[in-house]
Amino acid sequence: TKEPEPASKKEQLSVKKLRVVLFALCCNTEQAAEHFRNPQRRIKRWLRRFQAFQEENLALLSEGKYLSLEAEEKLAEWVLTQREQQLPVNEETLFQKATKIGRSLEGGFKISYEWAVRFMLRHNLSTHTRRAVAHPLPKDVEDNANCFIEFVQRQIHTQDLPLSMIAAIDEISLFLDVEVLSSDDRKENALQTVGTGEPWCDVVLTILADGSVLPTLVIYRGRVRQPANVPESIILEAKENGYSDDEVMELWSSRVWQKHTECQNSKGMLVLDCHRTHLSEEVLSLLSASSTLPAVVPAGCSSKIQPLDVCIKRTVKNFLHKKWKEQAKEMADSTCDSDILLQLVLCWLAEVLEVISDSPELVQQSFLVASVLPGPDGTANSPTRNGDMQEELIASLEEQLKLNDEQQEEAAA
């Protein structure tokens, strides 16, 4: 058995190790550990070693021809928008996009795992960053984010919108690999929150700036053969071939939003992403009928200014992933069809929604940290303060859902 390498050893990582670190930055450390059969703590140690080496060898690292800052910002913007659409960002897609952008450079550019890891770190693109709101976005995207914040805060102030009528809506798409689900092993990989093609089901979350959580709409693409036991906090809609993006928004508007606005007697605002919510005339007229102004988050900005992205959405994803992983181990030798899985997901969603509903301060602060609402004294928090608050919110919700148990075990090991 080889002696473990000390974390302070400042030397360049091998290509093999850099590839594992890149996978961890693109997806997450847990997936990298599973894929490459390496302990999470070892991958984290490699990442720290790379960062230490990078800090001491900046002159050496600047050699060779790399993308310009402007080109890198375009690539960073692409990574952010891919993630917003829950499309995969991995070694292959990243290198393809970088090569496409780099073709305009005379003589091409030097692409390598070392460059890719530095690129992901330099632009704060790691999926497990807990301070995304404190990190600057690519310049054009940052400008769009600032314009959005200014517009939203001005509308809230001039129209005197009550907190109960300022909402944020976002989707979590779940992708199912039926073949993997019916296999005897690797069942835990059957359900993912990133993928291509039609999702197996969409979970539409809605929170209010007063700390409330509205019913969650679950869109199931398929026919429910057995009547599902649907918890009170969830509205289930199923259709054999699924619904279009506009139909999803129309369903949400009629089943969730209009029921809420009927008893409010006030104008409202809805914060939503520009992806998968093509605002058709029908959707706009439905929002207009309930005196609701759509505030569309510009592409690439969600990680910083979408209240649901600050803490809740990522934690719900992690919770569903953890619950399915545990369940998959239990039913490794038994069969599990789509109907059974749907019922399980509905139960897990109800569990996480109950915890979030019981934490109105966390929901309220998500709007504050995303800068949709100004600070209590009317001025915006500093990026550092927002970053601190975001870390606290994530830690608090993960603790309530017992999501950090595994991390604590990992650290102890």
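## Basis and overall make-up

Residues are numbered from 1 along each chain as its sequence is written, and side-chain values use heavy atoms, with hydrogens and water left out. In this predicted model, local features need pLDDT of at least 70 and side-chain atom pairs count only at pLDDT 80 or more, while totals for chains, interfaces and linings use all residues.

The protein has 18 helices and seven strands. These are DSSP runs numbered from the N terminus: helices are H or I of at least four residues, strands E of at least two. Of the 413 residues, 50% are buried. Buried means under 20% relative accessible area, exposed means over 50%, and partly exposed lies in between (1.4 Å probe, protein chains only). Take the contacts between residues at least 6 apart in sequence: 72% join residues at least 24 apart. Contact means heavy atoms within 4.5 Å.

Two packed helices are described by the angle between their axes and the distance between the axes. Axes are lines fitted to C-alpha atoms, for helices over the stretch in contact, and angles run from 0 to 180 degrees between N-to-C directions.

Helix α10 (residues 245–261) packs on helix α11 (residues 281–289) at about 15°, with the axes 9 Å apart. That angle makes α10 roughly parallel to α11. The cut-offs are under 35 degrees for roughly parallel, over 145 for roughly antiparallel and 65 to 115 for roughly perpendicular; the rest are oblique. The crossing of α10 past α11 is left-handed. Left-handed means that the near helix is turned anticlockwise from the far one by less than a right angle; right-handed means clockwise. From α10, the contact uses D246, M249, E250, W252, S253, W257 and Q258; from α11, it uses E282, V283, L286 and L287. By class, this contact has six nonpolar, two polar and three charged residues. Nonpolar covers Ala, Val, Leu, Ile, Met, Phe, Trp, Tyr, Cys and Pro; charged covers Asp, Glu, Lys and Arg; the others, Gly among them, are polar.

## Helices α2 and α3

Helix α2 (residues 29–36) meets helix α3 (residues 40–56) at about 110°, with the axes 9 Å apart. α2 is therefore roughly perpendicular to α3. The crossing here is right-handed. T29, E30, A32 and A33 of α2 make the contact with Q40, I43 and K44 of α3. Three of these residues are nonpolar, two polar and two charged.

## Aromatic pairs

There are five aromatic pairs. Rings of Phe, Tyr and Trp (its six-membered ring) pair if their centres lie within 6.5 Å; planes under 30 degrees apart are stacked, over 60 edge-to-face, and the rest tilted. F95 and Y113 have ring centres 5.5 Å apart and planes at 50°, so this pair is tilted. It links distant parts of the chain: F95 sits in helix α6 (residues 91–102) and Y113 in helix α7 (residues 113–122), 18 residues apart. Both F95 and Y113 are buried.

W252 and W257 form a stacked pair, 5.8 Å centre to centre with 15° between the planes. W252 is buried, at 0% relative accessibility. W257 is also buried, at 0%.

## Positive phi in two loops

Most residues other than glycine have a negative phi. D160 has a positive phi, near 50°. D160 lies in the loop between α8 (139–158) and β1 (166–176). D160 is exposed, with a relative accessible area of 63%.

N265 also has a positive phi, near 55°. Its loop runs between α10 and β6 (268–273). N265 is exposed, at 76% relative accessible area.
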